[in-house]
There are 4 protein chains.
Amino acid sequence: MKPKLRAGILGATGAVGQKFIELLANHPWIEITAVAASQRSAGKKYGDVTNWLSGTPIPLSIANLEVQDCIPNLDCDFVFSGLDASVAGEIETSFAQAGYPVISNSRNHRFSPNVPLLIPEVNPDHLSLMKEQKFGKGFIVTNPNCSTTGLVIALKPLHDQWGLEQVNVVTMQALSGAGYPGVASLDILDNVIPYIGSEEQKMESETVKILGKIENKAFKNASIKISAQCNRVAVMNGHLECVNIKLKTKAKLDAIIQVWQNYQAEPQQLKLPSAPNPLIYYFTNEKYPQPRLHRDLGNGMAVSIGRLRECPLFDYKFVVLSHNTVRGAAGGAILNAEILIAKGLLTTR
Amino acid sequence: MKPKLRAGILGATGAVGQKFIELLANHPWIEITAVAASQRSAGKKYGDVTNWLSGTPIPLSIANLEVQDCIPNLDCDFVFSGLDASVAGEIETSFAQAGYPVISNSRNHRFSPNVPLLIPEVNPDHLSLMKEQKFGKGFIVTNPNCSTTGLVIALKPLHDQWGLEQVNVVTMQALSGAGYPGVASLDILDNVIPYIGSEEQKMESETVKILGKIENKAFKNASIKISAQCNRVAVMNGHLECVNIKLKTKAKLDAIIQVWQNYQAEPQQLKLPSAPNPLIYYFTNEKYPQPRLHRDLGNGMAVSIGRLRECPLFDYKFVVLSHNTVRGAAGGAILNAEILIAKGLLTTR
Amino acid sequence: MKPKLRAGILGATGAVGQKFIELLANHPWIEITAVAASQRSAGKKYGDVTNWLSGTPIPLSIANLEVQDCIPNLDCDFVFSGLDASVAGEIETSFAQAGYPVISNSRNHRFSPNVPLLIPEVNPDHLSLMKEQKFGKGFIVTNPNCSTTGLVIALKPLHDQWGLEQVNVVTMQALSGAGYPGVASLDILDNVIPYIGSEEQKMESETVKILGKIENKAFKNASIKISAQCNRVAVMNGHLECVNIKLKTKAKLDAIIQVWQNYQAEPQQLKLPSAPNPLIYYFTNEKYPQPRLHRDLGNGMAVSIGRLRECPLFDYKFVVLSHNTVRGAAGGAILNAEILIAKGLLTTR
Amino acid sequence: MKPKLRAGILGATGAVGQKFIELLANHPWIEITAVAASQRSAGKKYGDVTNWLSGTPIPLSIANLEVQDCIPNLDCDFVFSGLDASVAGEIETSFAQAGYPVISNSRNHRFSPNVPLLIPEVNPDHLSLMKEQKFGKGFIVTNPNCSTTGLVIALKPLHDQWGLEQVNVVTMQALSGAGYPGVASLDILDNVIPYIGSEEQKMESETVKILGKIENKAFKNASIKISAQCNRVAVMNGHLECVNIKLKTKAKLDAIIQVWQNYQAEPQQLKLPSAPNPLIYYFTNEKYPQPRLHRDLGNGMAVSIGRLRECPLFDYKFVVLSHNTVRGAAGGAILNAEILIAKGLLTTR
């Protein structure tokens with residue numbers, strides 16, 4: 001058995017940082033050796049400064065770690081970043097420049113040149129973009145926004161098979177997507193908020209990058225027209241999305257379902273520790289999927305789809321669900337690290 | 001001052017029937033003189049057999065009424081029907097045949113030949129269809145499904161001005177739309193249900209009928225392609241809908257907003273008691289409209305719109321909200337009665 | 001008709017300040033002529049700096065007012081204070097010293113010597129304490145904490161009639177009691193928080209002060225033993241409380257209900273504009289009162305009681321409900337101003 | 001390894017029956033060999049007639065079982081009963097008379113003579129009552145109501161050590177306690193219902209039976225005065241209770257906490273498969289326990305306590321939480337079966 005890789009967590013006291021710690025407890029390949037946060041917390045014990053949100057206690061080994069500044073002298077092989085976007089850009093660059101691989105959940109570098117916006121089941125070939133990063137031994141890999149991830153996993157098998165021309169999506173997103181404290185209870189009880197700042201643009205631009213191709217060494221976005229409308233609903237976890245699609249070539253309804261159910265990608269083939277198998281659950285019960293019932297399938301890493309039916313305007317419409325803080329954030333980043341490790345791109349320093 | 005018209009309520013003990021009673025308290029033109037329900041309740045005092053859902057008490061004059069069978073010998077000038085669809089068809093027909101005007105909120109006769117599917121601000125000309133009904137002095141007028149109403153009011157001014165080609169709508173519908181007891185709390189707390197039985201078909205078929213035209217004495221549905229996806233969310237009242245539209249002729253964003261804000265129709269011009277003025281509220285705050293904040297505007301009869309913006313797939317997208325049990329059910333039916341009264345089509349028997 | 005008294009609102013941009021503005025729109029005796037808040041907002045238009053929480057728009061006359069600093073040179077006859085407790089103490093004192101009557105909803109002066117902790121239906125005689133305040137023409141009157149108010153109104157008629165010995169109360173309090181943004185949605189969806197900071201002490205100490213007596217010019221707390229446990233639940237407005245009581249002399253169950261239903265106090269007799277009549281609703285439906293159904297009775301100023309029954313430990317137990325931001329905060333303070341006006345204790349300066 | 005005992009589930013299609021099936025999947029000592037329900041379902045495949053409430057699928061081996069009538073010719077060693085109280089009494093008696101051990105979650109026989117009302121950590125000695133049952137080889141053992149269970153587990157260590165004189169409890173109970181469909185969403189969103197039918201009597205009478213003693217072969221209820229008030233809140237799972245206690249002898253606060261934390265009973269000592277260890281979690285964070293955070297501790301079988309503090313009326317007050325459908329229903333019944341098996345009282349027929 002190989003020694004575990006040693007990870008540092010940037011933004012360790014925040015909601016995403018906590019989720020990294022929760023999901024990495026007992027990870028077979030990775031152990032946390034450093035936690036870093038803002039100067040306010042630095043120098044103190046992690047357990048003393050963190051408003052721990054989960055009901056299961058902080059792993060003892062982490063609770064006793066001293067929180068460090070977010071400067072690139074952490075004792076670890078690489079870092080996960082759950083930093084707030086207001087500071088993530090510079091800090092992540094400084095770590096990459098100092099030779100640290102940075103596996104980031106923040107949005108700042110998602111559109112930086114040569115930074116893969118990675119979903120291991122969708123675009124592992126984008127990892128080759130990394131070679132052109134100018135950071136020496138360090139590099140940055142990002143994962144997409146929580147509302148993009150589930151959508152793209154549902155779209156990818158169809159795009160491969162029939163080609164996507166148009167995508168329309170309306171989301172009903174969970175509260176945990178807004179971080180903590182996030183949405184005030186007075187704003188959401190008995191209510192829906194039909195707006196999430198810059199979320200629609202993220203979904204529209206990220207989707208075409210992730211489904212993009214590297215051709216003749218040049219990167220090209222997918223030529224899919226896409227429109228998104230994003231809403232916040234009173235759900236704890238799990239983003240539900242109503243999708244319409246127009247395909248380039250005709251597809252039968254049954255064939256689409258089959259393509260979803262049979263979809264296998266590198267993470268499943270490599271048996272990565274966090275890879276769900278199956279990746280996609282298709283439900284025939286027309287009331288499914290539902291956030292509370294299905295968000296935890298595959299330990300929160302699977303994607304649930306249902307209600308595929310013909311659409312009077314597009315070709316088809318359907319409903320997709322994925323867990324926004326697991327598959328759509330910390331879990332997605334961990335799967336990114338796992339595929340890097342499996343491919344030998346992430347090693348002990 | 002003219003004597004009030006005397007109304008009977010069919011299905012008086014149900015959720016819609018109760019809303020009729022609540023909204024008609026102190027109505028200037030209409031008084032309730034009869035309440036009818038299933039045989040189980042018949043012969044008993046209304047106040048004794050009704051599981052009254054509102055916090056404000058049953059009007060005393062109604063509480064003391066004896067509940068009668070739903071057979072056409074009620075002492076009234078016309079009836080409102082809040083009957084369940086399982087029985088509404090036959091009972092409403094029997095009342096019309098017996099000479100009663102029937103103002104129905106039920107779905108059974110919405111597509112019967114010559115039955116207007118009426119929103120007074122949208123298609124008052126459809127009332128002329130009634131003449132061809134074969135009921136003698138009786139007739140049937142219906143109002144559309146709660147999720148259709150708000151949508152069509154938002155679409156009508158645009159259809160008049162620029163012509164609609166395509167409409168895509170995704171709804172987030174309130175619990176009260178399912179009646180009582182309706183949705184189990186275990187099914188909706190911390191959850192969304194991406195399915196409402198036959199709701200999508202209703203929205204698609206009702207919209208083109210309501211926006212249809214009578215040409216050369218023949219009725220023609222509007223030639224609009226429309227697709228709907230319907231979801232149930234944990235909101236008490238108020239259906240919120242995300243809409244995409246494609247217009248036949250080009251429209252500027254500001255012009256659309258202006259057309260909405262200036263839209264006036266017969267109910268406003270006739271100053272019908274339940275007609276909201278303005279009919280449409282357009283919000284510039286990008287977080288609006290929201291169900292809890294805006295459902296009660298215009299006493300629940302106004303429609304709230306916001307977030308009009310260009311759409312990468314269609315021409316525009318926006319959000320619309322209306323109160324499902326007031327504008328979308330009992331209040332809509334009452335407004336139907338009011339316009340009939342104002343036009344002399346509904347009188348004392 | 002007398003000219004209206006001119007009121008300033010301290011803390012006008014906060015949740016309580018907004019409620020003052022909402023409730024004073026169209027008040028027959030009082031008009032708002034000044035709004036004051038923190039320096040951050042001072043000098044700007046109220047409508048531009050306020051995150052207005054209600055769905056009904058800001059009254060236009062208020063939206064255009066310039067927000068002023070909280071220093072005692074406001075152009076008004078008296079002030080309502082909805083200031084945060086972190087600053088209310090000093091600011092309110094400075095206004096009183098400058099000759100302004102201060103009608104405060106903040107907790108800071110509730111236990112200051114000679115400051116009445118006033119519920120007009122319960123202890124209007126405590127207003128005589130004010131004479132000993134050392135502020136010249138100015139003075140301070142406070143209203144109790146939102147969870148205390150409903151309880152004390154329920155207890156007062158019983159204490160008068162039979163004498164209270166012991167009170168045990170467990171509360172289920174609404175989200176709006178925590179202000180805005182207040183409770184994070186992630187903390188309360190599908191949850192209860194069994195703790196509200198210092199709330200239990202407030203209920204225990206305020207109750208005995210309000211029910212206290214002035215004897216031989218000396219003030220004496222009521223000698224009632226009281227224990228409180230406070231919980232936050234996912235309710236928008238309306239604090240529900242489960243109460244046990246032990247009386248000094250024996251009371252029959254029916255007599256207690258009658259005493260509640262017949263209770264009339266000075267505000268009702270003086271027909272103060274905000275005084276509810278009846279003050280107390282007693283429900284025989286054993287599922288009542290409920291926050292959503294009954295919080296708005298008497299425009300949010302009435303108190304609802306139900307489920308009076310014998311208790312194996314105490315004499316009786318029952319459930320009481322009152323609206324926490326109306327009766328328990330801004331509305332309570334406005335009623336305090338009204339009784340002062342009616343008694344000639346609050347006049348134009 | 002011994003062969004597993006073969007269990008039948010009475011009321012298998014209901015909410016409690018489903019929970020039995022969910023919790024018994026992969027049980028080391030018990031396998032399900034028969035499912036029985038009402039005649040409507042009998043003869044059909046379990047998977048076809050059950051409105052399965054959980055997001056994880058029905059275990060395949062169960063889905064394919066044919067549902068049988070609730071008559072005592074099931075192929076199994078004993079039965080779990082999750083029957084509705086309207087039918088449980090007679091059916092359970094008929095099974096016991098036919099020689100089946102009946103481990104029941106229903107209330108019907110809880111106060112039948114010689115029927116243990118069993119919490120294995122609290123009153124395992126009550127199992128000796130069974131000997132006097134007149135059923136031959138069959139017998140009936142019951143577990144208490146969901147709201148009683150958590151309370152009694154919190155009380156037991158204190159009663160052993162210092163003696164309880166008085167207990168006052170106010171509950172905030174989860175929706176799942178009402179079964180399915182149970183509470184209508186329209187009744188509980190933005191609301192609390194201060195009433196649960198006959199729940200208060202159950203808590204008061206069950207507590208003194210469970211804490212009762214067998215002395216000189218006679219059973220004697222505990223002489224504790226107890227008063228309960230029960231409320232329904234918008235929580236999925238987990239009953240939270242605010243408790244006041246008066247002890248016979250003086251106890252120090254720290255000593256009470258220690259007694260809770262150290263409490264070990266037979267199920268822990270026997271290492272029963274479903275026995276949580278620790279049984280009781282005591283939290284020092286004054287905001288804990290909370291239903292959503294702590295209901296699943298010990299796989300839903302542990303009890304969480306917090307906020308122990310002195311009480312002005314009683315000696316102490318505190319908050320207790322337990323999972324109502326696991327510890328308080330199906331899980332509690334399974335633990336009852338386990339202790340019977342461990343003691344040799346439940347064997348293959």
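Select chains A and B first: 8 salt bridges are counted between them. A salt bridge here is a Lys or Arg side-chain nitrogen within 4 Å of a carboxyl oxygen of Asp or Glu. The model is predicted, so local features need pLDDT of at least 70, side-chain atom pairs count only at pLDDT 80 or more, and totals for chains, interfaces and linings use all residues. Residues are numbered from 1 along each chain as its sequence is written, chains are lettered from A in the order in which they are written, and side-chain values use heavy atoms, without hydrogens and water.

Now pick A:Arg309 and B:Glu200. Their side chains form a salt bridge, N to O at 3.0 Å.

Next, show the whole contact (heavy atoms within 4.5 Å). Chain A brings 49 residues and chain B brings 49 residues. About 3,800 Å² is buried between chain A and chain B, and carbon and sulfur atoms give 52% of it. Buried area is the accessible area (1.4 Å probe) that two parts lose on being put together, summed over both. Highlight A:Asp190, A:Tyr195 and A:Leu313: they supply 18% of the area that chain A buries against chain B, more than any other three residues.

Move to chain D. Which order do the strands of its open sheet of 6 follow? The order is S10-S7-S11-S14-S13-S12, with mixed pairing. Strands are DSSP runs (E, at least two residues), numbered from the N terminus, and two strands pair if DSSP finds at least two bridges between them. Strands S10 (225–232) and S12 (280–283) of chain D are at the edges with a single partner strand each, so one side of each has no neighbour in the sheet.

Finally, select 303–310 and 316–322 of chain D. These strands, S13 and S14, run antiparallel and are joined by 6 bridges. D:Ser304 has D:Leu321 in S14(D) as its bridge partner.

How values were computed
Helices (H or I, at least four residues) and strands (E, at least two) are DSSP runs, numbered from the N terminus.
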